[in-house]
Amino acid sequence: MFPELNNLLNTTPDQTEQGKLTLLCDAKTDGSFLVHHFLSFYLKANCKVCFVALIQSFSHYNIVGQKLGVSLTTARECGQLVFLEGLKSAVDVFFRPQEEPHPLQFLREANSGNLQPLYEFVQEALKPMDSGEAAWRCPVLLVDDLSVLLSLGVGAVAVLDFIHYCRATVCREWKGNVVALVHDSGDAEDEENDILLNGLGHQSHLILRAEGLATGFCKDVHGQLRILWRRPSEPTAQRDRSLTYQYKIQDKNVSFFAKGMSPAVL
Amino acid sequence: MLESLLALGGLVLLRDSVEWEGRSLLKALIKKSALCGEQVHILGCEVSEEEFREGFDSNINSRLVYHDLFRDPLNWSETGETLPGGPLEALRALCRRTHPGPVTIALDSLSWLLLHLPCTTLCQTLHTLSHQDSCRGDSSPGEQVHVLGLLHEELHGPGPLGVLSSLAQTEVTLSGAMGQASAHVLYRRPQQRPTHQTQWFSILPDFSLELQGGPPLEPQPYPDPRVPSMDPTTHLTFNLRLSKKEREAKDSLTLPFQFSSEKG
């Protein structure tokens, strides 16, 4: 996790909020550093994490995790981390009997219906243990990312329904958190992606948006991060807070600074 | 005009966006209806019942009937707890209510229904829902049905938005500036020109509606003509005008690129 980002979000692994949906999005840049942040953050916070990883391999996340101080291998072995490696298990769908349910069952269907098998996988992974003693702080679902589901033929409404059910179960019933990354297609006029992005935006408590700089690529400033706190059903005499920072990604850390205040240009 | 949204019956559309959410205004209007003695039915698709009832006192909560489409709208858990017939049947059941008296029906949200039901079916049902009083022969002004529909603008194309707009008697579009929310109210009275008004407001923690005069700090792109602006030519470190001597020196200067008959 990145300590500076924790400061900006006013949170620490010891005092994480519960029952929240966090939306990560990126536009014209790579926002995966946010995924790595939240993965290591929740592992350090002693939460039970279900990671639906559709983009990279397990070893990729593990290598980055080790730079941030967590070992995914250890977490998986002791039961803290349930890891769905999409790249590997997608192939399994075609080589096992059709009767056996698979979380990525939709890949096999001609017109992909819904993501209910994936939801049931998450439900099984994160359901509280019957023993009654809480080994982990709270359940967390992390998805990297949801846009690839659209590319694989799932409709935007089906993805929204999946997150709806995850919210109802993980956030509301089990007081856990859901974090999901969606790419913003920007000018590409991808209607399905816009519906997904805006639909999730309306349900989120926190939106982190990584954007490339309008002026193009820069060696010392890799992008800017917009943070929007929302309260979907509470009144606010003062409206939701929004902050913008610029950032630079380093080997083991991401540094944040106010716009125009990069050490390289001062 | 914002405080009199519920004066006439029919459909009231609350159009919100990610940046300016509309659920708190919806809850404020529901509170108003409940305080007027109306029964309020909520078709809740996007938040849980506990979350929706938060902030209301027990007096208001006792008048709210929450039809839960949040927990298991598509019957994935197959426990039988879901509303029978799914979202469409739940909506149609609201049309068939037999309880007398004025009633407010809140749809949270219309966007969810529009994404899950065919647009034509939804619009026909909405029309039936908001014109219930005309179906009964002896409708009196006190027997009106108010339908409040929360609509997330960015999720729908111009077609569905236009259709819902034409069904609605009142449209409230939420936006704001400088951290202050505003509502642009478009009011359609039958056989009259539509009227519109922009109202700045805020919602208090107990979901009371507080009207504001304007945003707290109005941006002023153009200077106010009544206030004399400072003369920008004071305290300069350079001269804007030339003295006579300087002007003569300037006029007599030969510029290097000037062509002259004396070529060197």
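How many residues of strand 3 (residues 81–85) of chain A are buried? Select the strand: 4 of its 5 residues are buried, meaning under 20% relative accessible area with a 1.4 Å probe, protein chains only. Strands here are DSSP runs of E, at least two residues, and helices are runs of H or I, at least four, numbered from the N terminus.

This is a predicted model: local features need pLDDT of at least 70, side-chain atom pairs count only at pLDDT 80 or more, and totals for chains, interfaces and linings use all residues. Residues are numbered from 1 along each chain as its sequence is written, chains are lettered from A and ligands numbered from 1 in the order written, and side-chain values use heavy atoms, without hydrogens and water.

Pick A:A53 and its bridge partner, A:E85.

Now show chain B. The contact (heavy atoms within 4.5 Å) takes 31 residues from chain A and 37 from chain B. About 2900 Å² is buried between them, 57% of it from carbon and sulfur atoms. That area is the accessible area (1.4 Å probe) lost on being put together, summed over both parts.

Zoom in on A:R172 and B:E50. They form a salt bridge, with the closest N and O atoms 3.7 Å apart. The rule, a Lys or Arg side-chain nitrogen within 4 Å of an Asp or Glu carboxyl oxygen, finds 3 salt bridges across this interface.

Finish on helix 6 (116–126), helix 8 (156–173) and helix 9 (191–203) of chain A, which each give two or more residues to the side touching chain B. Helix 8 gives the most, with 9 residues.

Terms used. Buried means under 20% relative accessible area, exposed over 50%, partly exposed in between (1.4 Å probe, protein chains only). Two strands pair if DSSP finds at least two bridges between them. Buried area is the accessible area (1.4 Å probe) that two parts lose on being put together, summed over both.
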